Amino acid sequence: MKQHIIRLCVLLLAVLLCLSVVGCTAGGDTSSTPSHETQTSAIHSSTTADTTTDTTAVTTTNTTTGVNTTATTVTAAPTKALCAACGKATPVSGSAYCAGCKCAACNDRKVAEGDKFCAKHACVLPSCQEKATVDNGYCAQHGCAQAGCAKQKETDFAYCTSHNVIDILIFAGQSNMAGATESIPYPNDPVKGAVEFRYLTNMLQPLTHPVGEVLGGDLLTGVNKGSPVPYTCDAYIKASGRQAVAIHVAQGATKIAEWLKGTDRYTLAVDKIKAGIKLAKQHGKIGHIYCVWLQGESDAIDRTSKETYMQRLTQFKNDLKKDVGLEKFGIIEVGYFAYTVDWLTDRTKEDAKQCDETIMQAQEELPKVDSDFVMLTQICKTKLSLDNAYENPLADGHYTNKGVAIIGEEAGKALAKLAKE
Ligand SMILES: [Zn+2]
Ligand SMILES: [Zn+2]
Ligand SMILES: [Zn+2]
Ligand SMILES: [Zn+2]
């Protein structure tokens, strides 16, 4: 009989305990803390909850001996503290503030309603709510990423003006470089780490398709859809960790002779490149200056000889070295063009193929005889120009968005290798 009463008492205590735990949980904690942790903090009142105490608490409530211990703690902490800021919600474990009032990175109070972080963790720019990630107190978007530098950035580049190193990537050639795909590619997000220089506005703007601007009538840029430019920059930056300003000087249906020094096109192209370099210098030091060249289709049509093409492209490269400080001349080898277009009826297919291959041979030989030249990719010749899947259905001999994305990725990666040498 006596034993029976004891058992009944124990049972009653257990029921009471269960009720008190349920009451605590229902106490309106709005934080996202997992419920088992909430129980522990309620039971142990001000003690910090960790997994060990948590497990012990759960285990002991399941044994008869444990019930007494835990039950005592509950009665010892009858007052439940509320958030020191709003006075309404339950504070998050270890903090005096509730989830709504607490800094997302520490236990302190966040700066103000609508903020995410406390003064120590928020970007020091008053208008910015982002977390400070660089040691100068700014978020990555606003502070210079250079260790020890306390400056705010002026641009989207990673560093302040005194710490930025900016490469200049000149994109030159004919229609496939100008932008002659079937449409503006989608998605078309600005390339991170690169901007495009525009001559008319003298601005560095986000780099997206279409690239370039119409200058001097038909001197620069006629076609304006997707081009290899953003893809090249994106691949270059991802593989090299560098930053770049893209300067676009291209025009459809141009032969190499139309790019030489002494022509209006050369003069305008150099003016634009110089203006771009000058503006880039205002935001950092200039790193590499490279040219990315995709041209030669019109010379295949025009039957330019291998020797003439090599001589003219060398002359163009040498003048760019002198006039804008070009370091390396990267070649995207031309694809089959005369051979693939339907409108070229003045020669046999075999002859047309030979015309393309003459230019290809010239472009392949240049890096072997002049170390300023670098072969970036042969993918147009070996794959894209012979596969209908990459041919723009609206423009014979031109690539699709899928095609220029592949060209850009190949060229950008090759260029990054060069930058690391
Ligand atoms: Zn609060
Ligand atoms: Zn904080
Ligand atoms: Zn910020
Ligand atoms: Zn800096």
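Guide: C291 has F329 as its bridge partner in β6. The model is predicted, so local features need pLDDT of at least 70 and side-chain atom pairs count only at pLDDT 80 or more, while totals for chains, interfaces and linings use all residues. Residues are numbered from 1 along each chain as its sequence is written, with chains lettered from A and ligands numbered from 1 in the order in which they are written.

The sheet is open, with 7 strands in the order β3-β2-β4-β1-β5-β6-β7 and mixed pairing. Strands (E, at least two residues) and helices (H or I, at least four) are DSSP runs, numbered from the N terminus. At the edges, β3 (203–206) and β7 (373–377) each pair on one side only.

Helix α7 (residues 264–281) packs on this sheet and touches β1 (165–173), β2 (194–198), β3, β4 (243–250) and β5. Contact here requires C-beta atoms, placed from the backbone, to lie within 7 Å.

Beyond its neighbours within four places in sequence, I170 is in contact with I247, V249, I273, Y290, C291 and V292. I170 is also among the residues that touch the most other members of the largest nonpolar core, which has 92 residues; the others are C233, V245, A246 and V292. Such a core is a set of buried Ala, Val, Leu, Ile, Met, Phe, Trp, Tyr and Cys residues joined through C-beta atoms within 7 Å, buried meaning that 20 or more other C-beta atoms lie within 10 Å of a residue's own. Helix α12 (residues 401–420) gives the most to this core, 7 residues.

Terms used:
Two strands pair if DSSP finds at least two bridges between them. Two residues are in contact if their C-beta atoms, placed from the backbone, lie within 7 Å. Axes are lines fitted to C-alpha atoms, for helices over the stretch in contact, and angles run from 0 to 180 degrees between N-to-C directions. A residue is buried if 20 or more other C-beta atoms lie within 10 Å of its own, exposed if 12 or fewer, and partly exposed in between; C-beta atoms are placed from the backbone.
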